[in-house]
Amino acid sequence: MIELTAKECKALHELIDQLSGGNPENVFSWDGTDDLNRPTISACAKVYQGAGREVPSQLKRAEK
């Protein structure tokens, strides 16, 4: 298991922002179809939360 600091999460969020052309929120579908069992979605949710960013509310409920 790899643990990231808040600083590392913020840096990854910034990288996603740059690579997405300024739309980092589009990593999520935002319509409830994302599945935390998918490693990419789970990792992105953790990075976004670690960076203090909003993730779709259905993901927040699913992680509890």
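Is Asn 23 buried, partly exposed or exposed? The model is a predicted one, and in this model Asn 23 is partly exposed, because its relative accessible area is 40%, a value that falls between the limits of 20% for buried and 50% for exposed.

## The loop between the helices

Asn 23 is placed in the loop that runs between H1 and H2. Although Asn 23 and Met 1 are 22 residues apart along the chain, their C-alpha atoms are separated by 28 Å.

Trp 30 is also found in the loop between H1 and H2, where its backbone has a positive phi of about 65° even though the residue is not a glycine. Trp 30 counts as partly exposed because its relative accessibility is 35%.

## How H1 and H2 pack

Two packed helices are described by the angle between their axes and by the distance between those axes. Helix H1, which covers residues 6-19, packs on helix H2, residues 39-50, at an angle of about 115°, and the two axes are 8 Å apart. H1 is therefore roughly perpendicular to H2, and the crossing in which H1 passes H2 is left-handed.

On the H1 side, the contact is made by Ala 6, Cys 9, Leu 12, His 13 and Ile 16, while H2 contributes Lys 46, Val 47, Tyr 48 and Gly 50.

## Two alanines of H1

Ala 6 belongs to helix H1 and takes part in the contact with H2, yet Ala 6 is partly exposed, since its relative accessible area is 44%. Ala 6 and Gly 52 are 46 residues apart in sequence, whereas in space they are 8.2 Å apart, taken from C-alpha to C-alpha.

Ala 11 likewise lies in helix H1, and with a relative accessible area of 45% Ala 11 is partly exposed.

In soluble globular proteins, nonpolar side chains tend to be buried together. Here the largest nonpolar core consists of seven residues, namely Phe 28, Ile 41, Cys 44, Ala 45, Tyr 48, Val 55 and Leu 59. H2 gives the most to this core, supplying four residues.

Tyr 48 has a place in both descriptions, as a member of this core and as one of the H2 residues in the contact with H1.

Conventions
Residues numbered from 1 in each chain as written. Predicted model: local features only at pLDDT ≥ 70, side-chain atom pairs only at ≥ 80, totals over all residues. Heavy atoms only, no water. Axes fitted to C-alpha atoms, helices over the stretch in contact; angles between N-to-C directions. Parallel < 35°, antiparallel > 145°, perpendicular 65-115°, else oblique. Left-handed = near helix turned anticlockwise from the far one by under 90°. Contact = heavy atoms within 4.5 Å. Buried < 20%, exposed > 50% of the residue type's maximum accessible area, 1.4 Å probe, protein only. Core = buried A, V, L, I, M, F, W, Y, C linked by side-chain atoms within 4.5 Å.
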